[in-house]
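Please read the points below with the model open beside you.

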Amino acid sequence: MTEPHDRLAEPLREGALEGLHAAVAVRGGETLLEYYGTGEDFAWGTSLGVVEFGPETLHDVRSISKSVTALLYGIALGDGLVPEVTAPLLGQFPEYPDLAADPARARLTVEHALTMSLGLQWREDLPYDDPDNAEIAMELAPDRYRYVLERPVVEPPGLRWHYCGGAAALLGRLIADGTGRSLTEYGRAALFTPLEIHDIEWMRGPDGVASAASGLRLTPRALARIGELVLGGGAWQGRQLVPAGWIDEMLRPRLETTWGAGYGYQWYVETVSGHRMVSGSGNGGQRLFVLPDLDLTVAVTAGNYNAPDQWRTPVTLLERVVLPAVT
């Protein structure tokens, strides 16, 4: 069997892994691959210049933040601190009685936020440095939650998946309200510290609120450890951090994305090379791949922000470097 490190050289030489910053692959608790490169990087659009990446270098994980937020929701739900998924969504925002009075919006539940099926107008297909991008507009809005919830209704909720960072923002608010802590504080106490992840950053918008949609910065090793937690059914070193039942529900596909993957609660579910894979995905080529039947987790960070083919680098690394070494 050829080791993943040996398989890495050829695609790197070919330029097939353009923009790759780092990769960590772990199988059965053993590290199969750990790679760090050099390249220009950004923190939420602010240039950090050329960075020499290493094990301790924090990196934007962008929308993998959404998948982590879903884990935090499950922990808080297990402790009875946040609403059940069937709870009316507007009922959790009593400061917006005018929106709750709209029968179309009154149908919204927490689950519609978890599955990105709010049925509200939301355009996030523009570059993330464009103020017309709905997520950027949300971050700049005086009230991010009202911005999301007052978007025009375009279809009944639950009908179809439509990418929406605002859905994660709503979940972040419910976690903060229910736990009495900021998303960052609760994340540290309930998830990161028990996982022995001590160096994190959760970037905040102008209103001082941590972005549940895209603000998390982690090391690749930490990102891989979150994948290991998912592989373990929410358990880490004998301690159940996330209820096992929530992991099952979170990873059960309910809707289909525009490219054919399944979507659970802020996690993607699909098949690669005949293996079931669940994943978190972020702008620029950030990926957390988890393949349960291979006991494999792969964390990838990259710098191809806003590039139309940003998916190529993490997928190439998975399919040409990691999977052939373990199958």
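1. A cavity here is a set of grid points where a 1.4 Å probe fits but cannot get out, and its volume is the space filled by probe spheres set on the points. The model is predicted. Over the whole structure, the search returns 2 cavities of 30 Å³ or more. The largest cavity holds about 50 Å³ of space. Its lining consists of Met116, Ser117, Leu118, Gly119, Leu120, Trp122, His162 and Cys164.

2. Serine 65 belongs to helix 2, which covers residues 64–78. Is serine 65 buried or exposed? Its relative accessibility is 0%, so serine 65 counts as buried.

3. Leaving aside residues up to four places away in sequence, serine 65 touches Trp202, Ser211, Ala212, Ala213, Ser214, Gly215 and Leu216. As for glutamine 240, the C-alpha to C-alpha distance from serine 65 is 21 Å, across 175 residues of sequence.

4. The whole structure contains 13 aromatic pairs. In one of them, tryptophan 161 and tyrosine 163 have ring centres 6.0 Å apart and planes at 65°; planes over 60 degrees apart count as edge-to-face, so this pair is edge-to-face. Tryptophan 161 and tyrosine 163 are both buried.

5. Tryptophan 161 also pairs with tyrosine 268, again edge-to-face, at 6.4 Å centre to centre and with 70° between the planes. What does this pair tie together? Tryptophan 161 sits in the loop between helix 7 (144–149) and helix 8 (165–179), and tyrosine 268 in strand 12 (residues 268–272), so the pair ties together parts that are 107 residues apart in sequence.

6. The relative accessibility of tryptophan 161 is 7%, and the residue therefore counts as buried. Tyrosine 268 is buried as well, with a relative accessible area of 7%. Through ring pairs, Trp161, Tyr163, Trp259, Tyr263 and Tyr268 are linked into a cluster.

7. Two arginines lie over tyrosine faces. Arginine 151 is placed over the face of tyrosine 147, at 3.8 Å from the ring centre. Arginine 173 is placed over the face of tyrosine 145, at 5.0 Å from the ring centre.

Key:
Residues numbered from 1 in each chain as written. Predicted model: local features only at pLDDT ≥ 70, side-chain atom pairs only at ≥ 80, totals over all residues. Heavy atoms only, no water. Helix = DSSP H or I, 4+ residues; strand = E, 2+ residues; numbered from the N terminus. Buried < 20%, exposed > 50% of the residue type's maximum accessible area, 1.4 Å probe, protein only. Contact = heavy atoms within 4.5 Å. Phe/Tyr/Trp six-rings, centres within 6.5 Å; stacked < 30°, edge-to-face > 60°. Lys NZ or Arg CZ within 6 Å of the ring centre and 35° of its normal. 1 Å grid on protein atoms, 1.4 Å probe; cavity = no way out; pocket = protein on both sides within 12 Å on 5 of 7 lines; lining within 4 Å.
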